[in-house]
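Student: I would like to go through this model and ask what stands behind each term.
Tutor: Go ahead.

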Amino acid sequence: MTLILTARWQTKDSHTLASYESAGGYEMWKKALGMEPAAITEEVKQSGVRGRGGAGFPTGLKWTFVPQNTGKPVYLCVNADESEPGTNKDREILERDPHMLIEGSLIAARAIRCKTIFFYIRGEFDLAYRRIVTAAEEARRAGHFGQNIHGSGQDVDFIICKGGGAYVCGEETGLISSVEGGRGEPKVKPPFPAVKGAFGCPTIVNNVETLAVVPWVLRHGAAAYKALGTEKSPGTKLFSVSGRVKRPGNYEVPLGYPLKQLLLEDCGGMQDGYTMKAVIPGGSSTPVLPADIALGVNLDYEAMAAVGTMLGSGGIIVIDHTQSMPDLLLVLAHFYSHESCGQCTPCREGTGWAHRILQRINAGEGTAADLKLLESVASQMSGATICALADALVMPIRGFLKHYRSEFEALLRTEVQA
Amino acid sequence: MSATTTLKLAPEREARIDDLQRRYPERRATLLHVLWEIQWQLGWIPEEWMVYAAARCGVPVAKVLGVVSFYTMFRRKPMGRYHIEVCRNITCHMLGARKIIEHVEKKFGVQEKEVSACGRWSFEEVECMGACSWAPMMTVNGAYHENLTLEKVDEILDGLK
């Protein structure tokens, strides 16, 4: 099986420049320096790489949205603000192969004619942060970025921004607000960041995993990448598996891989004494699937959509038979209400309402009217806000109620007629 | 109102901020960097240092307070010498985070976001830290500890001086 993202994870000192360069690291960056930006974009477009942060938007196409000759600088923001519950894949890329990510970012910068990269990493990351700081320093000293890079006459700066702990900064316009030194409040689209982003200039925001494959695509060609995975979901993807399986962790598999094989074979199945009840397939905001459906689905964008959920960030949360679904939904509602930035009323109020209703239901104080209210709050939040955070709670509410309504109903207090 | 201050951070911190302010398109955009430098030096961000940050970045003090209060990691009061954070999000929750939180609260007699009487301990429940595959987890002064059991929590915390 071809491995792209994890190919060097078992190599000793894989995070160092010496290790990366001994495996041909930064050769593609040197090649890219001599390429026309449009040719780099075209290669990535042809490869069919899609954004791995959750939305799955075609990466090369996104790059073509940057307007030419505006006279303004163009910025690249690397989104290393991984914080979708269930997801720990970008963190391991940062820890184990930071140079591959830096090289991919530099190549992307060349493709969009960007001279300043803002590398936005979540504030909580500890080893991952130290690794990227050290790697960037090594790369700078080796002349891979800075001024007149390798005699090409081209300049690219690479600035690491440490976040302050806010889930919403993983949303691309929230991230831009944070890069600009403000509260991480998302901005209304359009204008899209590619046209008017950081500091009012054209800006591309790409996820860590997306950028990390770019050197491979340049080395092996778009066709080699497209040969992996499925026709509509090409390439490989990293999946973070968590919960009571025998071997949780990050797994790189070609898209279209059966979830059953990943969970039952690669992860070794459930721990002794536990049975699989449900799976949240793509991070906490994606609709939950009962185990029997989950074990029949393949890991690609289209197969997930066909069963009413999403591939999302690839955070696969395995729920065992001892778990109470109303209790887990309460945890998620608490999280999303905590992380709402508060700009949009439906989200600020709606996530709080959902949290309180679920507290009542879990405490045995909820009524049938509460369950209806929860659904009503969810529909009033959906699609009514600047960013997707409100919908990131609506989707689990709907998924949990669709498949596990009886568990919620069992907790309801019966209304006594006066 | 434009802020003025006579405060200064350690020279290497001031130098790092100067360097970043040359490289950024706008000075005010370095606010998060400045706040981190303050917190790294002092352990928290006192009000007079918010005035410093405002002056350093050319923004109103109100904007600084807005930013400090938006992000969960910026501290507006000192925490214990050892600050413990326990993740309460979904996978950690399924794998026993609640027990760890109760254990830590009981062990040090501290409530969430409070400092123990001796000043050594403080603790906070946090949201997902990106360690789900190795849940449950906690951090001690930012360092990750994963695959926790109550015994392992005791071992880690009792081993601190």
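Student: What makes strand β1 (residues 75–80) of chain A and β4(A) a pair?
Tutor: Two strands pair if DSSP finds at least two bridges between them. Five bridges join β1(A) to β4(A), and the two run parallel, so they count as paired. Strands here are DSSP runs of E with at least two residues, helices are runs of H or I with at least four, and both are numbered from the N terminus.

Student: How far can the coordinates be trusted for this?
Tutor: The model is predicted: local features need pLDDT of at least 70 and side-chain atom pairs count only at pLDDT 80 or more, while totals for chains, interfaces and linings use all residues. Residues are numbered from 1 along each chain as its sequence is written, and chains are lettered from A and ligands numbered from 1 in the order in which they are written.

Student: Why are β3 and β4 of chain A said to stand at the edges?
Tutor: The open sheet has four strands in the order β3-β2-β1-β4 (chain A), with parallel pairing. β3 (157–162) and β4 each have a single partner strand, so one side of each is left without a neighbour in the sheet. The twist averages 20 degrees from one strand to the next.

Student: Why is β4(A) described as largely enclosed?
Tutor: A residue is buried if 20 or more other C-beta atoms, placed from the backbone, lie within 10 Å of its own, exposed if 12 or fewer, and partly exposed in between. Five of the five residues of β4(A) (residues 203–207) are buried, so the rest of the structure largely encloses the strand. A:T203, A:V205 and A:N207 are on one side and A:I204 and A:N206 on the other, so both faces are covered by the burial criterion.

Student: What does A:C77 touch?
Tutor: Contact requires C-beta atoms, placed from the backbone, within 7 Å. Not counting residues up to four places away in sequence, the residues A:C77 touches include A:F118, A:Y120, A:T203 and A:V205.

Student: Which residues touch the most other members of the largest nonpolar core?
Tutor: A:C77 and B:A53, in a core of 174 residues. Helix α18 (residues 389–409) of chain A gives the most to this core, with 10 residues. Such a core is a set of buried Ala, Val, Leu, Ile, Met, Phe, Trp, Tyr and Cys residues joined through C-beta atoms within 7 Å.

Conventions: Contact = placed C-beta atoms within 7 Å. Axes fitted to C-alpha atoms, helices over the stretch in contact; angles between N-to-C directions.
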